[in-house]
Structures are given as C-alpha cells and as structure tokens.
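My entries follow in the order I made them.

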Amino acid sequence: MEYSMLFSPMKIGNVEIKNRIVMAPMLMGFGQFNGNATEKMMNYYEERAKGGTGLIITEITRVNDTTGASSFGQLSASKDRNIESMSELAKRIHKHGSKLFVELHHPGRQNVNLMINTLPISVFCDKIMPKDSYSKLLYGSIVPFGKKLVEKDLFFRTVSPSKCEKSKFSDSANKTLSKSEIKKIVMQFGDAALRVKKAGCDGVEIHASHGYLIQQFLSPFTNKRIDEYGGNFENRMRFLLEIIDDVRQKCGQEFPIIVRLTVDEMYDKIGEKGKGYDLNEGVKMAKVLEEKGIDAIDVSSAGYDTFNYWLEPTTFECGWRKNLAAEVKKNVSIPVIAANLIRSPEQAEKQLEDGIQDFISLGRPHIADPYWTKKVEEGRENEIKRCVCCLYCFESMMNGAYVGDNGHCSVNPFVGKENIKLNENGNNRKVVIVGAGVAGLTAAELLAKRKFDVTVLEKENEIGGQINLADKPPHKEKLHWCVEDLYVNAIKNGAKVELGICADKKIIESYNPEFVIVATGGYAVHPKAFTKDNVVTVTDVLNGTVKIQNKEVCVIGSGMTGLETSELLCEQGNKVNIIEMADKIAPGAWFQHLDDAIPKLEKANTKFYTSTKLSEITENGVSVVDLKSNKSFDIKCDLVVLSMGVKSDNSLYEEIKNSFNNVYNIGDSAKIGRIYNATESAFNVVMKIE
C-alpha cells in the first residue's frame, strides 16, 4: 500500500516536518535531578529519529523546580544549566533529519506532595555528596519516610487554580495559587521556552491537557476562582493565553508554538456528566487559540481523573476518539495533531485522507518500535512490533520513579538500552528453544539476529503459549499481536518454528544443539483438595474446554486473570460471584486495569466478596468464611472456577538441565510473570550467551 499522505511534508509554523509522523510526549524517567538530558535519554530519543520519525516532542519538561517537578528523572528547561544538554539532544535529533519540539509543563494539583519543594534540595545534595550516595539515600530512606507523611497530608501541598478535590491519581492535598504566583509561573513558561530556543530546538508544545495545571485553569471543575483568572470562559482561558503571549514576547513571532489541548474532559464516561467541560467548549478553546496565533493544536482528551480516556487499556477500539480531532479540524485552519489510538499505517493514512487530522501522533507505538516509520516507508509494515496497550510502560515508569528506575516496554526489551547492539557472533551454532510463547519467540528472534541457527519446538499446533489464554476475554485481541510480531521477525531473521512437537531429551538431542533454552510456560494452579466435577480452572474457561451459559458461577480469586475470565463468563450470560481473600479486589493490580474491568462487571450484576476465604466446595456451591467476622456462609452456584495463580511448568528443564552443556530456563517456566518479564528474561539470556 502507498502512504502518500503519511510521507508528505507539512509545516508547523515556519518549520517543515519531513513526514506526518509525530512521536508524542511520554515521560519514561531517563533523566536526573538537575533536569539535564542524560546519555540514556539522548540515546532513547535519537533511536526514534534514526527510525524516521518526522517530529519528536519531548516528555513533560518542567518550567518550575519547586511546585512543578513531576519526577526526579524528568527533563527540565527551568534553569540556564539545562541549555547545554538540550542543545546536544537537538543536534542528535537533527542529524537524522527529524525536528525537535519540547513540551513545557506544570502538573498543578496532579503532582505528588512528595515532589513539592524537594527537587532543589535533591539537586544541591546530589552535587555535593559522593557519586550516587544521595540517590541511594533518597530512594532508600527519604522517599519511604516522605510517603508516610504524604499519606497523612503532612507534606507541602500541590498548587491549583483554587482549592478543590484531590486528584484521584495522586491523592494529594492542594492549595490555591495567588495572583503573584500565577504571574511567576506564566513568566517561567516564557523563560523556559527561550532556553529551548537557545538550545537550538525547533519549537515548544505547551501542555494544556491531561488534567495538568493549565487544564485545571480551563476547567470549571478545578477553577473556582472569582477573579480575572476564573469564572467565565474568557477568564478561564486567561492563564494559557498569557503564557502564549509571554513565549511570543521572549522568543519572537517566528518560534513555533503547539498547544496540547484536552478538548473533552470525559467525565461523562465515568458517570459524572456535567462535570468539567465537553467537546463543544473544547472546540471553542481551539478557535480562540487559533485566533491567538499558535501554529498547531495537538488534540487530546481527559485527565488523570478520567485516566483511561487518554491513555487507553487494550480493550479500547483503535480510533475510538477520532471524532474529537475531526471536530477541531472542521473549526480551525492550523495543523491538527492527534493520537487517536492509531496502531497501523493503514489506519494512519485513512485518518489523514478523511481529513480527521494533519499529523499522526504515535506515543506508545514509538516505545514499542522506534523504527515504526522506517519500516512503513520501506514496505516492511509486517515487521512492526505493535503496541498492545498493556500500559506497562506507564505503570513501570510510575513504579520506578521513586526507586530510581525508568519505564520499560513489554514488547521492546531495548527501551533504555538503546546503546546495546547485538553481537553477530553466532557463527551458525545450533540453538533449540522449547516453547513458542513470548519468551521463546523473543529469544528466537534475538538469537537469529545474532546469526545462530535457531529452531523452536512447540508442542501445540499454534504459537502463543499463555497469550492464547490472555487474549480470550472480551476485547483483548490486541494481546496476540505480540506473538504474531515476534514470529514474523524471528522467521524473517532465519529462525525455524516447528509446531506439534512435544520436545523431550531424545528429540532435543536429535538436533545436536550447542545451546538449549526452555520456555515451556506455566499452568493454572488446581489444588487436589478442590478436584470435583463442578470445579474447573480459568484455563478451562479461556481455552473453551468449558462452555456454560445462564449459570451461577463462583470465581475464586480476583487477580486480573480472575476478573477478565469473569468478564468472559458474564458475556456468555452467566451470573458471577467473585471471592477474594484480600480486603480489596485485585490487590496489586494497576489501577487502570481495574477502572476498565470493574464497571463492566458491576453492570453485569457481579457480586464481589472481599476478605472472604474459600473453605469447602460442595455439590451445590461453596462454603466460605468472612475473615473479618469469622462467620461461615454458603454461596450456591453451578460451577466453581479457580483463579488461584499460575505455577511454572519447569519439568522439562529439570529433566535436561544436566544433559546438555548450555541449558537455560526463561519466561514463566523460570518465574511466573507478565509479558515484560518474559521478554526481559529472554533478552538477558540472549545477551549472556557468548
């Protein structure tokens, strides 16, 4: 297919972008306390420029160190000291024909209290203390202690246009900004933009989206002010317009400005209709911004209170919010950039052809595959590693932010390791990999790239392993992309995959391998005590062995597998009871997955029993104990579905580990985990093999 529009140039202001592909801003935590671009960060961005991306927009870049630092590892334009490293970043991006805009940002009430006033101290201490000693102190002692203070609202407050509800995400107490503080932040945006210009970057994007400070001024929900910065529409726009004026005054009329704008706060999607502002008002904002003279609008939606409606889980349909960009484009004549959950070049080209937008913004797809653009341009679309929307990039970034780690990707183990290159020293040495799931296929692709002679043996008649279960609940089909893409790339690089072969020692010996990698996955836990005719595991439901309709079902265990299996059971017309020993549903699960699953289960009248322990399974149902009252009661049901975890299937590894010179165990076969853990364990073993 030809992608004539996707690869046509277009200008944003006076800057020509070589194609219509934009890397959206995404914080990954590759930075340092002082906000300078690190070598790891530069490698990360440069890899995407090498991959052909037309425009790269940096992660959220702070303009203020005291109330506006969102992470200890984010980029900064708050001080002159940041200019030099940003200049180096710009040079490395420009070397590959890409353009670089910097996204200027202040989190407002969505910040974490722990970050207020602490960043300048961290910068100072890191400068005067021995190398890495302050980092160890911060992440080992200061942060854990600080979190306890934050939980009790005993830390500094975040800032907001007016005191309002805590952000659902950060749960941080906030306070009202004074007029003088507002004026200071306005000037800080302008000063930061000037530093970006001095660094040789091509423009700035002002972040007025995702519930951050500027959007908080725009929204009647978070802006209750009664002065010139609050109340009517014009007053709520004032803060953003003053920022644009300050940037123009300091950087000149020719320096391009993009505004990333939430055009619909999406509160109606979470059952809070009438809260905030909707698309009608969002389009009105876009028209005012065009009149103000900005150069492009980056259309987005929602905020942290409505998280899944801007950073979608895998269940969301590709292009589901394209109407937002389309409506803005109807009403403005400046370029419109939008993400719109685009996952294929065909979808991208179609949305350009249909006039929905002028630029295709790819966020997570650029994490998953830095060479997305080049592969499309060279007619290698089938080799793209597609983002499966598992959210691990954001989850890992957030979890790593307070322990000194960065974000990771489930399908791309090279994120943050872009400087690592595969050594092509395989010399056609033979490798046998047992298992064609995520771990096995990852190892196969990487070893084939290293020029080993790779054969994968899979006992089933299809690739996929555990993914063939994970993709069965409603709207989870995207998950299968990861094994499809791994398979294509493994075969393309010379690996062989043989299906329907149940490998044992003798079969493996017949291939005369120098290296053997076991990736046999895991299986659902099924205690012998619960072996009855009316008891099955989640595997039996997901693989279709057990199909029931219009029955009463008890699901034991509320991890994400239990919840997703329950969704499938509800879709099949069953009434579900979920029984969980912990005091809350799916303890440890990432909140976005719960926000996605729980409302659907509630709509299907699912009953949730927390702090409840299974004691016995009877012919008529289950007997359970309420752990708070220590009282027993019965729940009648036709079928009991066990979701009690997964156990490693490592029997083959134990059988052969001493029979060959080099035997490795990876993925679930070694340790039960998620997609990321499978790809990472495969990557680590591949890099270990000499």
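I began with a term: contact means heavy atoms within 4.5 Å. I also noted that helices (H or I, at least four residues) and strands (E, at least two) are DSSP runs, numbered from the N terminus. The model is predicted, so I noted its limits: local features need pLDDT of at least 70, side-chain atom pairs count only at pLDDT 80 or more, and totals for chains, interfaces and linings use all residues. Residues are numbered from 1 along each chain as its sequence is written, and side-chain values use heavy atoms, with hydrogens and water left out.

**Entry 1: a helix and its packing**

I looked up helix α9, residues 322-331. Which of its residues are buried? I found L324, A325, A326 and V328. Buried means under 20% relative accessible area, exposed over 50%, and partly exposed in between (1.4 Å probe, protein chains only). These buried residues of α9 pack against α8 (279-292), β11 (296-300) and β12 (336-338).

**Entry 2**

Next I traced a sheet. Two strands pair if DSSP finds at least two bridges between them. Here 5 strands form an open sheet, in the order β19-β26-β20-β21-β22, with parallel pairing. β19 (535-537) and β22 (607-609) stand at the edges with a single partner strand each, so one side of each has no neighbour in the sheet. On average, neighbouring strands of this sheet are turned by 25° against each other, direction ignored. For such angles, axes are lines fitted to C-alpha atoms, for helices over the stretch in contact, and angles run from 0 to 180 degrees between N-to-C directions.

β19 pairs with β26 (residues 639-642) in the parallel sense, over 3 bridges. V536 stands opposite V641 in β26. Helix α19 (residues 560-571) packs on the sheet and touches β20 (552-556), β21 (575-579) and β26. The direction of α19 makes about 165° with that of β21.

**Entry 3: salt bridges**

A salt bridge is a side-chain nitrogen of Lys or Arg within 4 Å of a carboxyl oxygen of Asp or Glu. How many did I get by this rule? The count is 47 salt bridges.

I picked out K179 and E228, whose closest N and O atoms are 3.0 Å apart. K179 lies in helix α5 (residues 179-198) and E228 in the loop between α6 (213-218) and α7 (233-251), so the pair ties together parts 49 residues apart in sequence. K179 is partly exposed at 41% relative accessible area, and E228 is partly exposed at 30%.

Are E312 and R364 buried or exposed? E312 is buried at 1%, and R364 is buried at 8%. They form a salt bridge, with their closest N and O atoms 3.3 Å apart. The pair links distant parts of the chain: E312 is in the loop between β11 and α9, R364 is in helix α11 (residues 364-368), and they are 52 residues apart.

I also noted a network of salt bridges that links E39, E46, R92 and K95.

**Entry 4: cavities**

On a 1 Å grid over the protein atoms alone, a cavity is a set of points where a 1.4 Å probe fits but cannot get out; lining residues have an atom within 4 Å of a point. Grid points are joined across faces, edges and corners, and a volume is the space filled by probe spheres set on the points. The whole structure has 4 cavities of 30 Å³ or more. The largest cavity has a volume of about 620 Å³. Of the 44 residues that line the largest cavity, P25, M26, W310, L311 and F394 are the closest to its centre. Which element gives the most to this lining? I found α13, with 4 residues.

Methods. 1 Å grid on protein atoms, 1.4 Å probe; cavity = no way out; pocket = protein on both sides within 12 Å on 5 of 7 lines; lining within 4 Å.
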